[in-house]
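Subject: Structure for you to look over

Dear colleague,

My notes on it come after.

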Amino acid sequence: MSRQDELLDNLAKVQSVIPANVKLIVVTKTYPVSDIEILYNAGVRDFGENRDQEGAIKAPQIPSDANWHFQGQIQSNKIPSLIEWADYIHSLDDLDHAKKFNKRLSSPMKFFIQVSLDNQVGRGGISPEQLPDFIDEIERLPMINPVGLMAVAPVDAVPDEAFAKLEGIKAEITRQYPYIEYLSAGMSNDFKVAIRHGATHIRVGSSILGSRA
């Protein structure tokens, strides 16, 4: 089987179980531009990267109607570069980062606020209890457009329980802030569960591109 046939077969299998109202983001970290081109030609328009160094190289090589989603940990010194190529940031969890984006942006950018489901240090995300205060703060930043929440199920958690918790958090936040309407959750191993709990954006890599070395 050729690489093109492999990717198209995997893509079709994933697409067959995704509702029409759920956005598929194909996570292309570590994979070459040639794979992205195959998927783009098959109709995929949303791609995800975890590292600025990769996204900054790959994004300009793909037609401009593609959407690029950065979902890695934000580093202050990478913010100017992220602004150049990313259309969405899925991992905003620091007010200082938000202020730096706001200062450098010339037009509003769309952000997902990362929520911590386990409060473990080093894994990123804001605790659910701190979310309202954080949102109130970034509402004062005109270039920051928060459109949704993002979370990763804890490694040792039962996905159904983790995403049920996230679903509740999202419902409460949307009641307070109706413009935060999207939920980015679910990866190759758990996206079906995430969809059952309201995910509107799923970030799928290995199920389409294969296992990483």
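What follows covers a pair of helices and then some of the salt bridges.

Please keep in mind that this is a predicted model. Helix α1 (residues 3-15) packs against helix α2 (residues 33-41) at an angle of about 55°, and their axes are 10 Å apart, which makes α1 oblique to α2. The crossing of α1 past α2 is right-handed.

Across the whole structure, a search finds eleven salt bridges, among them the following. In helix α3 (residues 52-58), E54 and K58 are four residues apart and therefore separated by about one helical turn, and their side chains meet in a salt bridge with an N to O distance of 2.7 Å. E54 counts as buried because its relative accessibility is 15%, and K58 is likewise buried, at 6%.

A salt bridge also joins K100 to D96, with the closest N and O atoms 3.3 Å apart, and these two residues lie four apart in helix α5 (residues 95-104), about one turn of the helix. Here K100 is partly exposed, at 33% relative accessible area, as is D96, at 40%.

Finally, E137 pairs with R140 in a salt bridge whose closest N and O atoms are 3.6 Å apart; E137 is partly exposed at 32%, whereas R140 is exposed at 64%.

Best wishes

Key
Residues are numbered from 1 along each chain as its sequence is written. This is a predicted model: local features need pLDDT of at least 70, side-chain atom pairs count only at pLDDT 80 or more; totals for chains, interfaces and linings use all residues. Side-chain values use heavy atoms; hydrogens and water are left out. Axes are lines fitted to C-alpha atoms, for helices over the stretch in contact, and angles run from 0 to 180 degrees between N-to-C directions. Angles under 35 degrees count as roughly parallel, over 145 as roughly antiparallel, 65 to 115 as roughly perpendicular and the rest as oblique. A crossing is left-handed if the near helix is turned anticlockwise from the far one by less than a right angle, and right-handed if clockwise. A salt bridge is a side-chain nitrogen of Lys or Arg within 4 Å of a carboxyl oxygen of Asp or Glu. Buried means under 20% relative accessible area, exposed over 50%, partly exposed in between (1.4 Å probe, protein chains only).
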